[in-house]
Amino acid sequence: KEFFLDQEQKKNELKIEWNKLNEGSGVGEIESINGQNISNDSIILDNDYVNMSGWIIGNNGKIDEIFLFVNKEVFLSSSNLEPPLETIKKFEGEQDGKIKWSIVFLSGFLEKGCYNISIGGAYNDSKFMLDKELEICKI
């Protein structure tokens with residue numbers, strides 16, 4: 001129980017962090033969930049985990065962090081980027097390609113039902129949301 005309370009507190013902190021950022025711009029895509037390529041706008045979750053991956057280009061090719069939104073609320077963040085964040089910062093200004101990202105979380109954090117998910121990105125003091133939302137349904 002304490003673990004889940006701690007996770008709720010972390011989500012609230014992420015929400016505050018996100019809301020402080022200025023609007024920026026970026027593009028990207030969720031490419032797969034649990035190894036399945038995205039071919040439609042609805043995915044059925046039947047695993048104990050959710051493993052999402054995709055690509056993103058934000059704020060003139062720069063990004064620090066990826067945010068996952070569930071029903072338009074900040075759910076979690078990740079700095080799991082490829083090339084790694086350290087490499088992106090080292091070659092700042094030269095990085096103009098797609099940055100790959102991945103997010104993994106336990107599906108137990110979602111109750112049974114359907115949710116709209118989307119991805120956002122942040123760099124320094126600016127943020128952006130990808131246009132497309134997907135529906136995931138936990139059975």
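**Briefing: contacts, cores and a surface patch**

Setting aside neighbours within four places in sequence, Lys127 is in contact (heavy atoms within 4.5 Å) with Trp18, Asn19, Leu21, Asn22, Glu23, Gly24, Ser25, Gly121 and Ala122. This is a predicted model, so local features need pLDDT of at least 70 and side-chain atom pairs count only at pLDDT 80 or more, while totals for chains, interfaces and linings use all residues. Residues are numbered from 1 along each chain as its sequence is written, and side-chain values use heavy atoms, with hydrogens and water left out.

**Lys127**
- You'll find Lys127 in strand E11, residues 126-129; strands (E, at least two residues) are DSSP runs numbered from the N terminus.
- Lys127 counts as buried because its relative accessible area is 8%; buried means under 20%, exposed over 50% and partly exposed in between, using a 1.4 Å probe and protein chains only.

- Ser42 sits in strand E4, residues 42-45, and is partly exposed at 32% relative accessibility.
- Beyond four places in sequence, Ser42 is in contact with Glu135 and Cys137.
- Ser42 and Glu135 are 93 residues apart along the chain, yet their C-alpha atoms are separated by 4.5 Å.
- Ser32, in strand E2 (residues 26-33), is buried at 12%.
- A 2.8 Å polar contact links the side chains of Ser32 and Ser53.

**Nonpolar cores**
- The largest nonpolar core has 27 residues, and Ile33, Met52 and Ile119 touch the most other members; such a core is a set of buried Ala, Val, Leu, Ile, Met, Phe, Trp, Tyr and Cys residues joined through side-chain atoms within 4.5 Å.
- Strands supplying at least two residues each to this core include E2, E4, E5 (49-58) and E10 (113-123).
- E9 gives the most to this core, with four residues.
- Apart from this core lies another, of seven residues, among them Leu14, Phe67, Phe69 and Val74.

**Surface patch**
- Tyr49, Val104 and Leu106 make a nonpolar surface patch of about 300 Å².
- Patch residues have over 30% relative accessible area and no salt bridge, with nonpolar side chains (Val, Leu, Ile, Met, Phe, Trp, Tyr) joined within 5 Å and like charges within 9 Å; areas come from the Shrake-Rupley method with a 1.4 Å probe, and for residues only the protein chains shown count as cover.
- A salt bridge puts a side-chain nitrogen of Lys or Arg within 4 Å of a carboxyl oxygen of Asp or Glu.
- Val104, in strand E9 (residues 99-106), is exposed at 55%.

Key. Polar contact = N/O pair within 3.5 Å; in protein donor to acceptor, adjacent residues only side chain to side chain.
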